Amino acid sequence: MTTAPGCMDDYDTNSLSVAEALRRIDSDVQPLTDTEAVPLCNCLGRILGEDIISPVNVPAHHNSAMDGYAIRGSDIPLSGARELQVVGTAWAGKAFPKPTHPGECVRIMTGAVVPEGTDTVIMQEHAVRHDDVIQINSNNKPGQHVRQAGEDLAIGQIVMQAGKRLLPAELGVLASLGIAKIKLVRCLRVAFFTTGDELCSLDEPLGAGNIYDSNRYTITGMLTRLGVEIIDLGIIKDEREAIRTAFIQAADTADAIITSGGVSVGEADFVKETLEHLGQVNFWKIAMKPGRPLAFGKINNSLFFGLPGNPVSVMATFYQFVQPALRRLMGQAPSPNLLVKVPCISRLKKAPGRMEFQRGILEANTNGELVVRSTGEQGSGILSSMSQANCFIVLPVTCGNVEPGGLVEVQLFEGLV
């Protein structure tokens, strides 16, 4: 008789490697292609649905990078000093109206259009002025301190490609092009529910054997950070028909479905059983700790992720498997999984056979060098370890115990979560 895996089981040869599980998930993800036009002010964190082609030059004109004097580069003396006549002022937003001639200069402000006939700016600190005459020397170069039209972005240039996630810098760049509405990949819809007769909502008193449903709040937080449309189906009791109804409702409305609990060893764990009747199960156990009982499959056109019930396992599996899949489903271009190798100052317990994601604190030691230490006990139910940590300590399958001073790879939460 085959039994379902638990989070703390020893190594099982039937468990998929983390790399193979990621490969299978990736092969089943088909990015969304539907798009919608969204005002620029509402685009933060969303995914571009088309390439952005610059309709203008940025900057639009040659302009000054300094407060100073606009001159002809040919008026710079080869040696010694030279006097130039000041014939007016160029202000930012108000171009100087007349062309200049040899021997003339124009007082100019930062950002002002370089007057016709000039091509160089002398910093005001490098010019000596008496009335309407300045004196400059040979320590200047033709073309200095002038921003060229289109030197940032040129007309017709591909500024951003479809699949890019829009962060504050991208919003500024798009605004500099005068683009008020952007075509984005439509918002991803994700339905989720938690299962378990022991779970209580926060406004309910705890009975014997009951626990509050913390997973519902961590999953909501993780999905909110991704910017998806969340469909919260609440707590579903461990009853076949209730779970079946929840799955059917979720598959009718969502692009992806996430559950927490019900994929482990209990006789009343019906999530995997229901998934096998309604859809397809691709895999359901991973050579990973915490988070071994992870189910993945499809119901109709909806991806399904059955996360474990233990709270740390929920977060570890979400960040390693669900979040990358959802980002690709949203149309986001893939990004590398950045790992940093640093000394570990704690002794880490580990048996070979599974990849482990232990919780750690990356910090600088007294010499300013980066080191990592464990948060302490690594049980999959110790959710406070995730709150204390700022990284995962990633220990490969073949790794055993790590002694203090050993090098380990860490995956930073910042940028990940």
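A salt bridge here is a side-chain nitrogen of Lys or Arg within 4 Å of a carboxyl oxygen of Asp or Glu. By this rule, Glu-20, Arg-23 and Arg-24 are linked in a network of salt bridges.

This is a predicted model, in which local features need pLDDT of at least 70 and side-chain atom pairs count only at pLDDT 80 or more, while totals for chains, interfaces and linings use all residues. Residues are numbered from 1 along each chain as its sequence is written, and side-chain values use heavy atoms, with hydrogens and water left out.

## Confidence

The pLDDT is the predictor's confidence in each residue, from 0 to 100. Its average over the chain is 91, and 95% of the residues score at least 70. Residues 1-10 have a pLDDT below 50; beyond near neighbours in sequence, this stretch has 29 contacts in the model. Contact means heavy atoms within 4.5 Å.

## Salt bridges

The count of salt bridges comes to 13. Three of them are set out here.

| Glu-20 | Arg-23 | 2.8 Å |

Helices (H or I, at least four residues) and strands (E, at least two) are DSSP runs, numbered from the N terminus. For accessibility, buried means under 20% relative accessible area, exposed over 50%, and partly exposed in between (1.4 Å probe, protein chains only).

Glu-20 and Arg-23 both belong to helix H1 (residues 18-28), where they are 3 residues apart, about one turn of the helix. Glu-20 is partly exposed at a relative accessible area of 23%, and Arg-23 is also partly exposed, at 48%.

Glu-36 is partly exposed, with 32% relative accessibility, whereas Arg-46 is buried, with 14%.

Arg-240 is partly exposed at 49% relative accessibility, and Glu-273 is partly exposed at 25%.

## Helix H5 and its surroundings

Helix H5 covers residues 271-278, and its buried residues are Val-271, Lys-272, Thr-274 and Leu-275. Seen down the axis of H5, these buried residues fall within an arc of 160 degrees, so they line one face of the helix. The arc is that of the directions from the helix axis to the C-beta atoms.

Several elements pack against the buried residues of H5: helix H4 (240-253) and the strands S13 (189-195), S17 (256-260), S18 (280-283), S20 (295-299) and S21 (302-307).

## Aromatic rings

Rings of Phe, Tyr and Trp (its six-membered ring) pair if their centres lie within 6.5 Å; planes under 30 degrees apart count as stacked, over 60 as edge-to-face and the rest as tilted. The structure holds 7 aromatic pairs.

In one of these pairs, the ring centres of Phe-283 and Phe-296 are 5.6 Å apart and the planes are at 35 degrees, so the pair is tilted. Phe-283 is in strand S18 and Phe-296 in strand S20, so the pair ties together parts that are 13 residues apart in sequence. Phe-283 and Phe-296 are buried.

The rings of Phe-357 and Phe-392 have centres 5.9 Å apart and planes at 80 degrees, so this pair is edge-to-face. The pair links distant parts of the chain, with Phe-357 in strand S23 (residues 355-364) and Phe-392 in strand S25 (residues 391-395), 35 residues apart. Both of these residues, Phe-357 and Phe-392, are buried.

One aromatic cluster is formed by Phe-193, Phe-247 and Phe-304.

A charge sits over a ring if NZ of Lys or CZ of Arg is within 6 Å of the ring centre and within 35 degrees of the ring normal. Arg-107 has its charged end over the ring of Tyr-69, 5.3 Å from the ring centre. Lys-285 has its charged end over the ring of Trp-284, 5.7 Å from the ring centre.

## Glu-170

Glu-170 is in helix H2 (residues 168-176) and is buried, with a relative accessible area of 13%. Leaving aside neighbours within four places in sequence, Glu-170 is in contact with Met-160, Lys-164 and Arg-165. Met-160 is 10 residues from Glu-170 in sequence and 8.5 Å away in space, C-alpha to C-alpha.
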